[in-house]
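Subject: Structure handover

Hello,

Here is the structure you will be working with. Please open it beside this email and follow along.

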Amino acid sequence: MNKQTTFKSITLKAVACSVAVTLAASPVVTSVHALAAPVSVAGQSVSAAEEQTSIQYQINARLDEKNMHIQGSETVTFRNTTKDTLPELVFHTFADANRSTATQTEMFKRTNEEILKENPKLTPDDFLGGIDMKKVTANGQSLTYENKNQALTVTLGQGLKPGESVTLQLEFDVKIPYGSERLSYYKDIINGAHWFPALAVYDEANHQWNKTPYSTTFETDYYTSSDFEVHFNVPDKYQVLMPGTMTTQQEKEAGRKIVSTVANNTREFVFFASPNYKVDSVTRDGLTVEYYYFDNAPDKKKVIDQYIDQAFKVIQFFNEKYGKYPYPEFRIAESYVEGVAVEFSRVIQMGLKGSNADAAHDDVFVHEIAHQWFHSLIGNNSETESFLDEGFADFSKVYFTEKQGDSMNGFKLLQYDDSSFDEPIASTNKEVGDNANPVYYGKGRQAIYQLYRLAGEDKFDAFMQEYFKRYEYKNATIAGLLQTIEDTLGKEARDEMDKALHEPNFVLKPEFQLTEAEKTEYMREQFKEMYHASLNQITGLPYETMSRMMEKVYEGEPLTIVVSDKVGAKAKKQQEALLNQLEATLSFTGIKPTVIRERQVLKKKMTKELALSNIIVIGSAKTNGFIQALKPGIIQKSKNIGWDWKKMMNKKKVPALILLNIRIIKTA
């Protein structure tokens, strides 16, 4: 997930990586209406992705969009592949994370508070929900069960021996909360994650089921790849997105339809639904990419087409580097939550795209697609070993970017970061606390990059292909990763990775970092890119702005700072403080401006050097020689842009320090 899947910001010490978050939602069902009847789904070809797993779900559900409930019946067949006799089965009921604000994910708390302010008719209870279990049976016989702390424990009539199978029937009703939780509805979209009881993972080593409730600070996505056949009874006007091969048929009830899907060997099952979704679909070489989006901006389809093209390019890259994406489809769901994204099996969720969205440079998009390999196909316990999905997804994003020729956002991004954190990369979510992003993403991708450099690209790619082969459709562990490294790259490489993951304060080996000169040049190029990209987003920005001038300076144009000379001791001290701040900021990116403090020097440079330079003036307009020399022209120019120079300069309480950006018209 680029939580909050996946924003990027540049600081003086590092470039933060993208993060993904989730928004989710769904609708209700009334008991007086029939559930969707089972529908056969044709057109499925047999492949490795569709071989029968140890868990099969058949879910029939009805969406009540008026009351925002889901009424469902679920048949689950489970084959015991462990060596233990199991007296009970455990299901995650993560929808119950919405029973209380104390158990809801904290990352959405502020958003929900803002939504509540904008909708005074709503109450805090509207932002809560949960799942009510109605019945659990096997062969028509009721079973004893307890749904507590987001874990449904079902006691079997007799212990399930190794190799034996059991089929359970579960009936449930879900209340969907309003707002921006993973399971929620907002405006005209219903996002459905964690909406039905899903079998937990059994830990054979400790002889227990995983009952961990959903994390309030990060994410808890740990499942066994399973086979799904799902039938949704929904209003006719709704577009529904689910993983798998989808078909639609009309329901007998007027105004409704049944959307069905078969999604075999799939780690988790989600849906998104909206009456206003538009769908863009493209098929190439046996893979269909579909984008479900809102028509919220001019030329939106053109933007979506560019994102679909980029999706094919990214998937092809990872196919070659890691292993083939095995499913016949890949879908993208757009939602209203800005700046966040999240991964699911065969589906990713992105925020709204505007007309100026840049698919070719959307690294969050690449990160989320990479999660199809590191989360969907290769699973892991994201509560205890989040590095295995977030670290590899973020390294893969940078790897792709590097190979597209974008060196600024490629490996140099990793080489620049020399920060460190007390928490080891292999920390659990609880141990890492608020540092999940820099530790799992930032330091995690660096550890993988170090392995890449130690091994060389060809050997690294061969290792990754072996890792994918061993753990496709399975759950990997850090221990398993290290063993794969040893088997393919040798014990020395394994020991280096083991140390990188488990010791605190990891930093890249010095030989893999940028030199100080390279760091300065790198940051200069980054600032140049930032100014250029930012200013392109702001149409009609006056040319006479500090930002415009800084863009030109980072493009290589000269810069001169002129300081007032006829000032008192206090003003001089203030000027020097401001000058020192400016010079420190500029020197960070290798910019060394010419500084003029004396009027005689100023007079000599006025006619030639300064005519070709960008100018920053510090001090009072009455004491700065440059301003006095150009005062008539400045007064006229300020009038032209609607700023009354004389009126402002004659105010008694005008600050003693004035920072101006003057653009000199260049002459031959």
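How many bridges join β4 to strand β5 (residues 141-142)? The count is 2, and the two strands run antiparallel. Strands here are DSSP runs of E, at least two residues long, and helices are runs of H or I, at least four residues long, both numbered from the N terminus. Two strands pair if DSSP finds at least two bridges between them.

Before going on, note that this is a predicted model: local features need pLDDT of at least 70, side-chain atom pairs count only at pLDDT 80 or more, and totals for chains, interfaces and linings use all residues. Residues are numbered from 1 along each chain as its sequence is written, and side-chain values use heavy atoms, with hydrogens and water left out.

**Around β4**

Stay with β4 and β5. They form a hairpin with 2 residues between them. N139 sits in that turn and has a positive phi of about 55°. A138 has Q141 of β5 as its bridge partner.

β4 also pairs with strand β8 (residues 165-175). That pairing is antiparallel too, with 7 bridges. Look for K135: its bridge partner in β8 is E171.

Now step back to the loop between α1 (109-118) and β4 (130-138), where L128 is placed. L128 is buried, at a relative accessible area of 17%. Buried means under 20% relative accessible area, exposed means over 50%, and partly exposed lies in between (1.4 Å probe, protein chains only). Which residues does L128 contact, leaving aside neighbours within four places in sequence? They are N98, R99, S100, T101, Q104, K175 and P177. Contact means heavy atoms within 4.5 Å.

**An open sheet**

Next, find the open sheet of 4 strands. Its order is β6-β7-β3-β11, with antiparallel pairing. β6 (145-148) and β11 (198-199) stand at the edges. Each has a single partner strand, so one side of each is left without a neighbour in the sheet. Strand β3 (residues 86-92) pairs with β11 over 2 bridges. In that pairing, H92 stands opposite A198.

Helix α4 (residues 387-403) has 17 residues. From first C-alpha to last it reaches 23 Å, close to the 24 Å expected. The expected span is 1.5 Å times one less than the number of residues. Of its 17 residues, 15 are buried. Just after α4, G405 takes a positive phi of about 90°.

Helix α7 (residues 436-455) holds Q450. Is Q450 buried or exposed? It counts as buried, at 5% relative accessibility. A polar atom of the Q450 side chain lies 2.9 Å from the backbone nitrogen of K509. Q450 also touches E496, F506, V507, L508, K509 and F512, not counting residues up to four places away in sequence.

**The cores**

A nonpolar core is a set of buried Ala, Val, Leu, Ile, Met, Phe, Trp, Tyr and Cys residues joined through side-chain atoms within 4.5 Å. The largest one has 170 residues. Those touching the most other members are L168, W195, W373, F387, F395, Y467 and L501. Helix α2 (residues 300-321) gives the largest share of this core, 10 residues. A second, separate core has 9 residues, including V562 and I596.

I189 is buried, with a relative accessible area of 1%. I189 and N276 are 87 residues apart in sequence, yet 8.2 Å apart in space, C-alpha to C-alpha.

Best wishes

Key: A polar contact is a pair of N or O atoms within 3.5 Å; within protein, one must be able to donate a hydrogen and the other to accept it, and residues adjacent in sequence count only if both atoms are side-chain atoms.
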